[in-house]
Amino acid sequence: MSNKKISFGLTLSNRGVVLGSTTVKEILNLSVEAEQSGAFDSIWVGDSIAAKPRLEAVTLLSAVAALTERVKLGPACFASFPLRHPVLLAYQWASFDNVCEGRSIMVACQGAKGPVAGESEIEWAAMDMHLSERAVRMEEGIEIIRKLWKQDRVNHNGRYYNFEELTIEPKPVQQHCPIWIANNPELFGVKPELLDKIALRVASIADGWQTTLVTPNQFRSAWQRIERQAAKIRRDISQMPRCLYYNCHVNEDREVALAESKEYLDAYYTTDFEREQLEIWVAMGDPAECIAAINRYIDAGANIITLRFTARNQAEQLRRFIRDVYPAFQ
């Protein structure tokens, strides 16, 4: 077992409400139970507008904030970030940071295209934007939001947004409200020559990094690439949060765990996951197997692991994790 410190987060199934596999009341109750257990330091919700419909992220997070006191709160990840006007988003998120009393973590994401991303092309077209713009829109959005959170009477002359003398109130409670960046360029077939550029973006402007659907070796390699880019610009990122968005299903019969995880994730993403993908993305099997799977990512450099339970009975899985898996990491 790894001796490195790890923090766990719970990812709520807010798309499950649309799919009929859970209810608003259930996921809010799970949030309270997760915090009270002491096993979780953060609670996360998925995000999409129309590509993969679900409860809207900021709305749901605000409801969770009202029922909790300690856990950090954020989106995993904010796939619609570049689709949202950064002025409005700066205002919404600063207000949310006040509502949750400074517990928010923004996780910017440029979105994606392909099977796992749902009908992203239709979503972007409806917003009169093109998917090819998403990286630049994300970067410009982060720049605008940070300026509006720190300054008054802000001027901005950018590629997509222009305004003068703009002030947003209230400012966030946090003096430096964190903005992480989520990415997985290998998953979406990014050209190798662009990998350093993507790593530099995290190394230079992010307060944390989140990724998903990677092997432990891929996680380690991606983080090392970010570290190399940070060294080039002389930025110390040794304390940067390194978050794996992961899944879990505790069951003594590993094949049952795999079958139910596939059923859950296929419905969630309207796709057909192969066994190899599920083996990468889900810690599954008996408690010892789940512990071993999580430890491989801790050894690869993850210091935060968010868990979504790929099961029909979310409450049962939460309790099994708290009782049978979490003690190994205390």
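**Two helices side by side.** I started with helix α2 (residues 24-37) and helix α12 (residues 314-325), whose axes come within 10 Å and cross at roughly 10°. That makes α2 roughly parallel to α12, a label for angles under 35 degrees. The axes are lines fitted to C-alpha atoms, for helices over the stretch in contact, with angles running from 0 to 180 degrees between N-to-C directions. Helices here are DSSP runs (H or I, at least four residues) and strands are runs of E (at least two), both numbered from the N terminus.

Which residues of α2 meet α12? I found E26, L30, E33, A34 and S37 on the α2 side, and Q314, A315, L318, R319 and I322 on the α12 side. Contact means heavy atoms within 4.5 Å. Sorted by class, this contact has five nonpolar, two polar and three charged residues. Ala, Val, Leu, Ile, Met, Phe, Trp, Tyr, Cys and Pro count as nonpolar, Asp, Glu, Lys and Arg as charged, and the others, Gly among them, as polar.

**A note on the model.** It's a predicted model, where local features need pLDDT of at least 70, side-chain atom pairs count only at pLDDT 80 or more, and totals for chains, interfaces and linings use all residues. Residues are numbered from 1 along each chain as its sequence is written, and side-chain values use heavy atoms, leaving out hydrogens and water.

**P86.** Next I clicked on P86, which is found in helix α4 (residues 86-99). Is P86 buried or exposed? It counts as buried, because its relative accessibility is 2%; the cut-offs are under 20% relative accessible area for buried, over 50% for exposed and partly exposed in between (1.4 Å probe, protein chains only). Leaving out residues up to four places away in sequence, P86 touches G141, I144, I145 and Y161. I also checked C109: it is 23 residues from P86 in sequence and 13 Å away in space, C-alpha to C-alpha.

**Helix α7.** In α7 (residues 195-205), I listed L195, I198, A199, R201, V202 and A203 as buried. What do they pack against? Their partners are α6 (134-150), β7 (179-182), β8 (209-212) and α8 (216-232).

**Whole protein.** Zooming out, I counted 12 helices and 11 strands. Of the 330 residues, 56% count as buried. The C-alpha atoms fill a box of roughly 60 × 45 × 40 Å, taken along the principal axes.

Terms used. Angles under 35 degrees count as roughly parallel, over 145 as roughly antiparallel, 65 to 115 as roughly perpendicular and the rest as oblique.
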